[in-house]
Amino acid sequence: MTIVVVVRVFAITVYTVPAPLGQGLRTGDRVVVNKLARSRAPRRGDLIVFTVRGDAPAVSLIGPPQELGQVVNLPGDTINVARRRYVIPLKCCDRCPCRDCRLYLVETGHGKRLVYRHQIVGKAVPLFR
């Protein structure tokens, strides 16, 4: 039992899809989240689980609320919002040397949101029925 808890906290977990999402995912489908893959930068089309608040993921059984999404745009991409063009920043500010401050535009099934790299819990892979 202890091994299962350790694996779920540090390595992998199963997440239920709350809303229809790309890659043919429907509400109620399940995905496996690889928490060890969070050190690699996500690519366009990747499924990720991220914390809803700006906090970095906590290492606990009950951490901050999390959400599933698909990466739509990467840092440096230009997007159009209400007929205006915006560039997704490569970093949060000029003073910050951190690589984790990069922003990604993510589709959640309920809309799009900007997610910092340090909010990412892990990459998800669908488990089809």
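**Charged pairs, cores and strands**

Me: At 29% relative accessibility, does Arg113 count as buried, partly exposed or exposed?

Reply: This is a predicted model, in which local features need pLDDT of at least 70 and side-chain atom pairs count only at pLDDT 80 or more, while totals for chains, interfaces and linings use all residues. Residues are numbered from 1 along each chain as its sequence is written, and side-chain values use heavy atoms, with hydrogens and water left out. Buried means under 20% relative accessible area, exposed over 50%, and partly exposed in between (1.4 Å probe, protein chains only). Since Arg113 has 29%, the class is partly exposed.

Me: With which residue does Arg113 form a salt bridge?

Reply: A salt bridge is a side-chain nitrogen of Lys or Arg within 4 Å of a carboxyl oxygen of Asp or Glu. Arg113 lies in strand β8 (residues 112–116), and its partner, 46 residues apart from it, lies in strand β4; strands (E, at least two residues) and helices (H or I, at least four) are DSSP runs, numbered from the N terminus. The N to O distance is 3.3 Å, and the partner is Glu67.

Me: How many salt bridges are there by this rule?

Reply: Side chains of opposite charge can pair when their charged atoms come close. Besides the pair of Arg113 and Glu67, Arg44 meets Asp77 at 2.7 Å, and Lys123 pairs with Asp46 at 3.4 Å. By this rule the count is 3.

Me: How many residues apart in sequence are the parts that the pair of Arg44 and Asp77 ties together?

Reply: Arg44 is partly exposed at 47% relative accessibility, whereas Asp77 is buried at 17%. Arg44 belongs to the loop between β2 (30–34) and β3 (47–51), and Asp77 to the loop between β4 (66–73) and β5 (78–81). The pair therefore ties together parts whose separation in sequence is 33 residues.

Me: With which side chain does the side chain of Asn73 make a polar contact?

Reply: A polar contact is a pair of N or O atoms within 3.5 Å; within protein, one must be able to donate a hydrogen and the other to accept it, and residues adjacent in sequence count only if both atoms are side-chain atoms. Asn73 is in strand β4 and is buried at 15% relative accessibility. At 3.4 Å, its partner is the side chain of Asp77.

Me: How many residues make up the largest nonpolar core?

Reply: A nonpolar core is a set of buried Ala, Val, Leu, Ile, Met, Phe, Trp, Tyr and Cys residues joined through side-chain atoms within 4.5 Å. Members of the largest one include Tyr15, Val17, Leu68 and Ala124, and β2, β3 and β9 each supply at least two residues of this core. Apart from it lies another core, of 8 residues, among them Ile48 and Tyr104. The largest core has 11 residues.

Me: How many of the 8 residues of β4 are buried?

Reply: Two strands pair if DSSP finds at least two bridges between them. β4 pairs in the antiparallel sense with β3 over 5 bridges and with β7 (residues 103–107) over 3 bridges. β4 is largely enclosed by the rest of the structure, because the number of its residues that are buried is 6.

Me: Which strands are the edge strands of the open sheet of 7 strands?

Reply: The strand order is β1-β2-β9-β3-β4-β7-β8, with antiparallel pairing. An edge strand here pairs on one side only. The edge strands are β1 (12–16) and β8.

Me: Which residue of β8 stands opposite Glu107?

Reply: Strands of a sheet pair through backbone hydrogen bonds, either parallel or antiparallel. β7 and β8 run antiparallel and are joined by 5 bridges. Opposite Glu107 in this pairing stands Lys112.
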